[in-house]
Amino acid sequence: MTVFVKWRKEWKILAGEMRRYLRPALLIIIAAFGVLWYSLYGDVKVGQRHDHGWCYKLTVQYKERFGKTLDRSERDAIRQDYAEFRQELDCVVEKYLGEYGIHSQRDYEMVCEAGLMGTDSEYYEEAVRKYGLDDLVKLYEKCAFGFPYNHPFRSLEDKEQVYKGAMITFDFLENLDVDKYYEQERQYEDWRYRPVPESVPRMKECTASGELSTMRAFYMPDVEIGETFGRWMMFVWIVCAALAVPFLTRNRVSCVQGQQFASKIGKAILFRQLGAVLLLAVLVNVIIWSVFCGLLFNGSYGLAPLLDCPIDVGRTWDAHWYDMTFLQYILRMIVINSMIPSMVLTCALFLTTCFCKNYLTAAAAAIPTYWLIDQWFSILDFYPMFRPRLAFPLLFSATLLVVSVATALILQWIRKRDYVI
Amino acid sequence: MFFRNEIRKVLRFPLFWVMIACCAGLNLFVITDGMSYERIGIQAVNEYVRTGNVPSYDEYNVCVNYDEVKESAYDQYYKDFDIMAFKADIEKMFVTPHSAVAQKIIDRNYQKAEARVDEIRQDGEAYDCYYPGVTFSLHEMLYDNLFLLMLFELALIACFMTAYLMKYEEFYDTHQNVYATKIGRSIVFSKAAASAVASALAAFIVITVSVICFLIVLPQSWNFLQSSVSAAMATERRGMVQYPFITWERMSQLRYLLRVCAVTVGYTVTASLVTFVLSFISKNAYINAVLTAMLYFALYVAAAVLPGSNPFGFVLQFTPTWGMLNVPNWFMEYVLNPYMSYPGYETWVCLGWQILAAAATLPLWRYFRRKGIN
């Protein structure tokens, strides 16, 4: 009972500290900022920005037909579908461009590439032989500029490109020799992109079954999602930083410190304030990432159908050390890449602003602190396959330990000092 | 007397000097990092032009091609250049359709650009250049990298200093004495003037240090400064297009640089005045700074997300944020930013927003004068 009463009292103090920042005016400012940020950077339509959504549509279609992974026979069926689509596309090309002498998709590609790249194109000589140089230029302009972006032919053109990309992925997997591939990648100039020897068994493990994740055949939403995720993460971090910066400084700016911090017990409020600001950071993460996940999974282009797809089956250089489904990957990114680092950032800002006498100095100190934390966590999580298996978990844990110990030591030191913070 | 005291407050604030030093330091890093590779090539070009000797580096075949580039640049970029046809092609490929009124205004501005192109062709300005722009990208390095960074650094300094000064009395808990009388409250105008002057001073220091460093790091910088901005050889790649810089009047690089410096100081003072206006509705310096940042961001978003056919396109890009982002294209036209391609855009944005801030001060001052002080 005594413990319960004590925790209840602690919770009341924590809630009181949090309530200082959960005020209508502040919430309106955060909401307004959120609306502005979302207008500009909030697009979560992964895989539908460039190609009329064919990456997504084909992935969902084949997942419904073949399941989470594609074995050899299923990939052959997709090859067959592609061949049939090419024949349909040839009919469409004939319909729109037949009068100009372009009768198939191959002719169309030849004209476009030769017209764009000139003598650098492998099709140049053939195109000039077939159409003549003067006519080639006019045909190129007809093909490149004759159709606006939303013309039906453009959509089919994009679908063909998506299929073509899938064929390249299938061929790569079926002809893969992991040891040779590893030796080839070890020659890469930039040392950061060379795989470590440990990665060979992992690559063999991912490709042993000969299957390919359906999600990976046509596009890589887990790679593409990185860009979208990064923008939302920046918004979360900015809000957490904006809340953390004035937290401690307010003690100094307001008139309470003379009474509040006259005793050690009074100064112990600092620990509660830290707890409150960390809880606020968690709350901000939970709310914003809930909105993100809601937008990502729902709607006509929602990723819900792909959540149970494994992301590492058939993968090589960009495989992760641990098997995950797409949903687990998203949750991992939210917790490991955003939530925990934002709490570290909040802690760091809390400590930095301990020594600032006014808001502006605190805000000025926050800028380099934010940048340093951001850089450090970017370095930590850079291409997991290119470091030993335990490098990321160990470094990550060491970072948390160092920040926690530093926080505890500094707060203890402040508490024991004579009054004046 | 008030003004002198107010400006002393800023000059005695350590953060003011720390921020100036950090910004200057960051700019020096950007300059040395950006010029580290180009410096050797520029040195090689200077040696070649002076002595005719080609340096022994294999990769600096810019010297071997130098005469060819100089001879062919005019033919490549100016001889058959029809800016109206070029603009029409770009609009067809990259730019979403404008409203009818906007299209008319854009076409009228481009008629001026067309007259300017004819002037460049006739008076020999097209030949007046020293360094090939495509190879060294000095305009991009100086304005797209350095001055763009400086504009935002100086806006941050101006915002912080103004917020600090405006909330100084609240911070030291003397506001109940100072604002007890009308004369005491009129101190805000001295604060506005002091913060504007302090911002201009910060801008002057940072720009001077950065530009001098750039000119020191750039070998034989006088050759660069003397040449014309609109020369054919000075053409650089800008985004998706590559065509000459068509300035609205004849300008050497030196004159262009000085004008950009002056307008940069103007934008810094504008940031200070905007922060001053917002201070009347802010509870403390932190909220003041946050509101200023949000206003600039909102002005950016408003123009970025609305479609090109929106009739308010010109109005929405007549903002300090877009003015600052357009620094590589100040005093010239840029076909991918048609709403900002008219003579005096950057100067009018700066002045216009200062006038707007002054106009907004009047009702806010009346509100402040009558506000109870707690």
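A polar contact is a pair of N or O atoms within 3.5 Å; within protein, one must be able to donate a hydrogen and the other to accept it, and residues adjacent in sequence count only if both atoms are side-chain atoms. The model is predicted, with local features needing pLDDT of at least 70 and side-chain atom pairs pLDDT 80 or more, while totals for chains, interfaces and linings use all residues. Residues are numbered from 1 along each chain as its sequence is written, chains are lettered from A in the order in which they are written, and side-chain values use heavy atoms, without hydrogens and water.

**View 1. Surroundings of B:Lys167.** A polar atom of the B:Lys167 side chain lies 2.8 Å from the backbone oxygen of B:Ser282. Beyond neighbours within four places in sequence, B:Lys167 is in contact (heavy atoms within 4.5 Å) with B:Ser279, B:Ser282, B:Lys283, B:Asn284 and B:Ala285.

**View 2. Charge at B:Lys167.** B:Lys167 has no salt bridge (a side-chain nitrogen of Lys or Arg within 4 Å of a carboxyl oxygen of Asp or Glu). The nearest side chain of opposite charge, B:Glu170, is 4.1 Å away.

**View 3. Interface of chain A and chain B.** Here 23 residues of chain A are in contact with 22 residues of chain B. The buried area (accessible area, 1.4 Å probe, lost on putting the two parts together, summed over both) is about 1,900 Å², 85% of it from carbon and sulfur atoms. A:Leu36, A:Leu40 and A:Leu360 supply 32% of the area that chain A buries against chain B. Across the interface, the rule finds zero salt bridges and one residue pair in polar contact, both at pLDDT 80 or more.

Technical notes
Buried < 20%, exposed > 50% of the residue type's maximum accessible area, 1.4 Å probe, protein only. Lys, Arg positive; Asp, Glu negative; His and termini not counted.
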